[in-house]
Amino acid sequence: SSDYDKGQAELVCNGSNDRTIVQQAFGAENEKVVVSEGTYNVDSGSNGVDGNPYIYPARGVVEQGQGNAVFLADGGICRIVCKKPNTVLSGLSMQGYVHIQNYESNQIFRDLKLSNKLPGQRWLDWRKRGGCTGHIQNWTPKGTTMSSIVIERVTLEDSYHHGIGFHLKFA
């Protein structure tokens, strides 16, 4: 990010263990999180919640990427796991071992680009990383109904298996 953007930010990532800082930003309920242009290394560092390689947006988080904001996971996996309703993810690119897992209704995924490839590697074998096989996975918890899922202007590249999945096994 530019020096100006860093000066305006409440939280600034360092480019090496950014997952911890991104989780901190996404962890406050009903907050708007602006992700400035730049590359964020989200495949290392603890999320500060449970030690998993996941980022958990809180209820009502609205994320807005600016310009070329990229979450990069080139060594390990990174999942954005939506377990709270009313999350908006928009204007963000995710590259490498990345995907979104959603378990709730009232979610908006807009103007996103998810690419499961890295420079020099067009196809990533998720089985070796314990990762998911699609870019956006929607899981319906037992006894619930999932509704109001908006997926608009989302580009998916080189998915390991499938792009968008709705798993209704427990519905």
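## The largest pocket

On a 1 Å grid over the protein atoms alone, a pocket is an open set of points with protein on both sides within 12 Å along at least five of seven lines; lining residues have an atom within 4 Å of a point. Grid points are joined across faces, edges and corners, and a volume is the space filled by probe spheres set on the points. This is a predicted model: local features need pLDDT of at least 70, side-chain atom pairs count only at pLDDT 80 or more, and totals for chains, interfaces and linings use all residues. Residues are numbered from 1 along each chain as its sequence is written, and side-chain values use heavy atoms, with hydrogens and water left out.

The largest pocket holds about 650 Å³ of space. It is lined by 27 residues, and the closest to its centre are Ala 9, Glu 10, Leu 11, Val 33 and Val 34. Helix H1 (3–8), H2, strand E1 (32–35) and E2 each give two or more residues to this lining. Helices (H or I, at least four residues) and strands (E, at least two) are DSSP runs, numbered from the N terminus. H2 supplies the largest share of the lining, five residues.

## The whole chain

The protein chain has two helices and 10 strands. Along the sequence, the pattern is α-α-β-β-β-β-β-β-β-β-β-β. Of the 171 residues, 44% are buried. Buried means under 20% relative accessible area, exposed over 50%, and partly exposed in between (1.4 Å probe, protein chains only).

Strand E5 covers residues 69–82. Is it mostly covered or mostly open? E5 is mostly covered, with 12 of its 14 residues buried.

Two strands pair if DSSP finds at least two bridges between them. Strand E2 (residues 38–41) runs parallel to E5, joined by four bridges. Strand E6 (residues 88–102) pairs with E5 in the parallel sense over nine bridges. Cys 82 stands opposite Asn 102 in E6.

## Rings and a charge

Rings of Phe, Tyr and Trp (its six-membered ring) pair if their centres lie within 6.5 Å; planes under 30 degrees apart count as stacked, over 60 as edge-to-face and the rest as tilted. The count is three aromatic pairs. Among them is the tilted pair of Phe 26 and Phe 71, at 6.5 Å centre to centre and 40 degrees between the planes. Phe 26 lies in helix H2 (residues 18–26) and Phe 71 in strand E5, so this pair ties together parts that are 45 residues apart in sequence. Phe 26 counts as buried because its relative accessibility is 1%. Phe 71 is also buried, at 1%.

Tyr 54 and Tyr 56 form an edge-to-face pair, 5.9 Å centre to centre with 85 degrees between the planes. Both tyrosines are buried. Ring pairs also link Phe 26, Tyr 40 and Phe 71 into a cluster.

A charge sits over a ring if NZ of Lys or CZ of Arg is within 6 Å of the ring centre and within 35 degrees of the ring normal. Lys 83 places its charged end over the ring of Tyr 103, 5.4 Å from the ring's centre.

Key: On a 1 Å grid over the protein atoms alone, a cavity is a set of points where a 1.4 Å probe fits but cannot get out, and a pocket is an open set with protein on both sides within 12 Å along at least five of seven lines; lining residues have an atom within 4 Å of a point.
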